[in-house]
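Morning, everyone. I have one structure to walk you through today. Please look at the screen.

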Amino acid sequence: QVQLVESGGGLVQAGGSLRLSCAVSGRTLSSTSMGWFRQAPGKEREFVAGISRGDGRTNYGDNVKDRFAISRDNAKNTLYLQMNSLKPEDTAVYLCAATSGFLGTRGQSQRSAYAYWGQGTQVTVSS
(Lines give C-alpha, C1' and ligand atoms only; values in the text may rest on other atoms or scores of the structure.)
Protein backbone atom coordinates (compact mmCIF):
# COMPACT_ATOMS: atom_id res chain seq x y z
CA GLN A 1 0.00 0.00 0.00
CA VAL A 2 1.54 3.28 -1.13
CA GLN A 3 1.12 6.21 1.22
CA LEU A 4 2.14 9.82 0.65
CA VAL A 5 2.25 12.30 3.52
CA GLU A 6 2.94 15.96 2.85
CA SER A 7 4.29 18.45 5.37
CA GLY A 8 5.92 21.84 5.52
CA GLY A 9 3.06 24.09 4.55
CA GLY A 10 2.16 27.24 6.43
CA LEU A 11 1.73 30.98 6.29
CA VAL A 12 4.47 33.07 4.70
CA GLN A 13 4.79 36.63 3.46
CA ALA A 14 5.15 37.41 -0.21
CA GLY A 15 8.77 37.03 -1.29
CA GLY A 16 9.43 34.36 1.31
CA SER A 17 10.32 30.70 0.98
CA LEU A 18 8.98 27.33 2.11
CA ARG A 19 10.11 23.76 1.62
CA LEU A 20 7.47 21.08 1.33
CA SER A 21 8.17 17.42 2.01
CA CYS A 22 6.36 14.30 0.87
CA ALA A 23 7.23 11.14 2.78
CA VAL A 24 6.70 8.03 0.66
CA SER A 25 6.00 4.58 2.06
CA GLY A 26 5.16 1.35 0.29
CA ARG A 27 7.42 2.05 -2.71
CA THR A 28 11.06 2.87 -3.34
CA LEU A 29 11.27 6.50 -4.33
CA SER A 30 13.98 6.01 -6.92
CA SER A 31 11.69 3.67 -8.87
CA THR A 32 8.69 5.99 -8.66
CA SER A 33 7.72 8.97 -10.79
CA MET A 34 6.55 11.81 -8.59
CA GLY A 35 4.73 15.08 -9.00
CA TRP A 36 3.55 18.12 -7.09
CA PHE A 37 0.18 19.67 -7.86
CA ARG A 38 -1.75 22.46 -6.22
CA GLN A 39 -5.39 23.38 -5.92
CA ALA A 40 -6.81 26.72 -4.90
CA PRO A 41 -10.47 27.16 -3.91
CA GLY A 42 -12.72 27.15 -6.95
CA LYS A 43 -9.89 26.28 -9.32
CA GLU A 44 -8.76 23.15 -11.08
CA ARG A 45 -5.85 21.14 -9.79
CA GLU A 46 -2.72 22.57 -11.37
CA PHE A 47 0.60 20.92 -12.19
CA VAL A 48 3.53 22.39 -10.29
CA ALA A 49 6.53 20.08 -10.81
CA GLY A 50 7.43 16.53 -11.66
CA ILE A 51 10.42 14.20 -11.48
CA SER A 52 10.84 10.95 -13.37
CA ARG A 53 11.87 7.70 -11.81
CA GLY A 54 15.36 6.61 -12.63
CA ASP A 55 17.09 9.47 -14.41
CA GLY A 56 15.26 12.14 -12.43
CA ARG A 57 14.37 14.41 -15.33
CA THR A 58 12.24 17.30 -14.13
CA ASN A 59 9.53 19.56 -15.45
CA TYR A 60 7.78 22.62 -14.06
CA GLY A 61 4.53 24.47 -14.56
CA ASP A 62 4.86 27.80 -16.31
CA ASN A 63 3.70 29.68 -13.21
CA VAL A 64 6.52 28.38 -11.01
CA LYS A 65 9.50 28.02 -13.34
CA ASP A 66 12.67 29.62 -11.98
CA ARG A 67 11.11 29.94 -8.50
CA PHE A 68 10.39 26.35 -7.42
CA ALA A 69 12.65 23.30 -7.40
CA ILE A 70 11.69 19.65 -7.04
CA SER A 71 14.15 17.16 -5.60
CA ARG A 72 14.25 13.81 -3.88
CA ASP A 73 16.28 12.10 -1.20
CA ASN A 74 16.26 8.42 -2.06
CA ALA A 75 17.87 7.45 1.25
CA LYS A 76 15.02 9.10 3.14
CA ASN A 77 12.38 8.11 0.58
CA THR A 78 11.23 11.72 0.63
CA LEU A 79 10.28 14.16 -2.12
CA TYR A 80 10.78 17.90 -1.69
CA LEU A 81 9.52 21.10 -3.23
CA GLN A 82 11.61 24.18 -2.53
CA MET A 83 9.49 27.27 -3.12
CA ASN A 84 11.18 30.68 -3.36
CA SER A 85 9.92 34.18 -4.17
CA LEU A 86 6.43 33.18 -3.16
CA LYS A 87 3.48 35.21 -4.40
CA PRO A 88 -0.09 35.49 -3.07
CA GLU A 89 -1.27 33.60 -6.15
CA ASP A 90 0.77 30.59 -4.98
CA THR A 91 -1.75 30.14 -2.15
CA ALA A 92 -3.25 26.66 -2.45
CA VAL A 93 -3.30 23.15 -1.07
CA TYR A 94 -0.20 21.39 -2.36
CA LEU A 95 -0.42 17.66 -3.04
CA CYS A 96 2.18 15.13 -4.01
CA ALA A 97 1.40 12.30 -6.38
CA ALA A 98 3.11 9.07 -7.40
CA THR A 99 3.03 6.38 -10.01
CA SER A 100 5.15 3.30 -10.68
CA GLY A 101 5.42 3.99 -14.41
CA PHE A 102 8.01 6.12 -16.13
CA LEU A 103 6.80 9.63 -16.88
CA GLY A 104 8.66 11.85 -19.27
CA THR A 105 8.53 15.60 -18.95
CA ARG A 106 5.26 15.75 -20.87
CA GLY A 107 3.56 12.95 -18.93
CA GLN A 108 4.48 14.42 -15.56
CA SER A 109 1.93 17.21 -15.95
CA GLN A 110 -1.02 14.87 -16.50
CA ARG A 111 -3.13 14.31 -13.38
CA SER A 112 -4.51 11.06 -14.78
CA ALA A 113 -0.99 9.59 -14.96
CA TYR A 114 -0.70 9.33 -11.19
CA ALA A 115 -2.12 6.42 -9.21
CA TYR A 116 -1.49 7.67 -5.69
CA TRP A 117 -2.14 11.00 -4.00
CA GLY A 118 -1.44 12.54 -0.65
CA GLN A 119 -3.92 14.55 1.42
CA GLY A 120 -2.15 17.85 0.83
CA THR A 121 -0.63 20.65 2.87
CA GLN A 122 -1.90 24.22 2.92
CA VAL A 123 0.34 27.05 1.74
CA THR A 124 -0.86 30.59 2.32
CA VAL A 125 1.09 33.58 1.02
CA SER A 126 0.13 36.97 2.40
CA SER A 127 0.68 40.22 0.51
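In what order do the elements of this protein run from the N terminus on? They run β-β-β-β-β-β-β-β-β-β-β. Keep in mind that this is a predicted model. The count is eleven strands and zero helices.

Now the overall dimensions. Along the principal axes, the C-alpha atoms fill a box of roughly 40 × 25 × 25 Å. What radius of gyration would a compact globule of 127 residues have? It would be near 14 Å. This protein has 13 Å, which agrees with a compact globule. And burial? Of the 127 residues, 43% count as buried, meaning under 20% relative accessible area.

Next, one sheet in detail. Strands of a sheet pair through backbone hydrogen bonds, and the pairing can be parallel or antiparallel. Our sheet is open and has four strands. Read across it, and the order is S1-S3-S8-S7. The pairing is antiparallel. Which strands stand at the edges? They are S1, residues 3–7, and S7, residues 68–73. Each has a single partner strand, so one side of each is left without a neighbour in the sheet.

Let's follow the pairs. Start with S1 and S3. Strand S3 covers residues 18–25, and five bridges join S1 to S3. The two run antiparallel. Find Val 5 on your screen: its bridge partner in S3 is Ala 23. Then find Ser 7. Ser 7 stands opposite Ser 21 in S3.

Stay on Ser 21, and look across to S8. There, the bridge partner of Ser 21 is Tyr 80.

Last topic: pockets. How do we look for them? Rolling a probe the size of a water molecule over the atoms shows where empty space is left. Here, the largest pocket holds about 170 Å³ of space. Its lining is made of 13 residues. Which of them lie nearest the centre? Those are Arg 38, Lys 43, Glu 46, Asn 63 and Glu 89.

Over to you for discussion.

Methods. Residues are numbered from 1 along each chain as its sequence is written. This is a predicted model: local features need pLDDT of at least 70, side-chain atom pairs count only at pLDDT 80 or more; totals for chains, interfaces and linings use all residues. Side-chain values use heavy atoms; hydrogens and water are left out. Two strands pair if DSSP finds at least two bridges between them. On a 1 Å grid over the protein atoms alone, a cavity is a set of points where a 1.4 Å probe fits but cannot get out, and a pocket is an open set with protein on both sides within 12 Å along at least five of seven lines; lining residues have an atom within 4 Å of a point. Grid points are joined across faces, edges and corners, and a volume is the space filled by probe spheres set on the points. The radius of gyration is taken over C-alpha atoms; the globule rule is 2.2 Å times the number of residues to the power 0.38. Buried means under 20% relative accessible area, exposed over 50%, partly exposed in between (1.4 Å probe, protein chains only).
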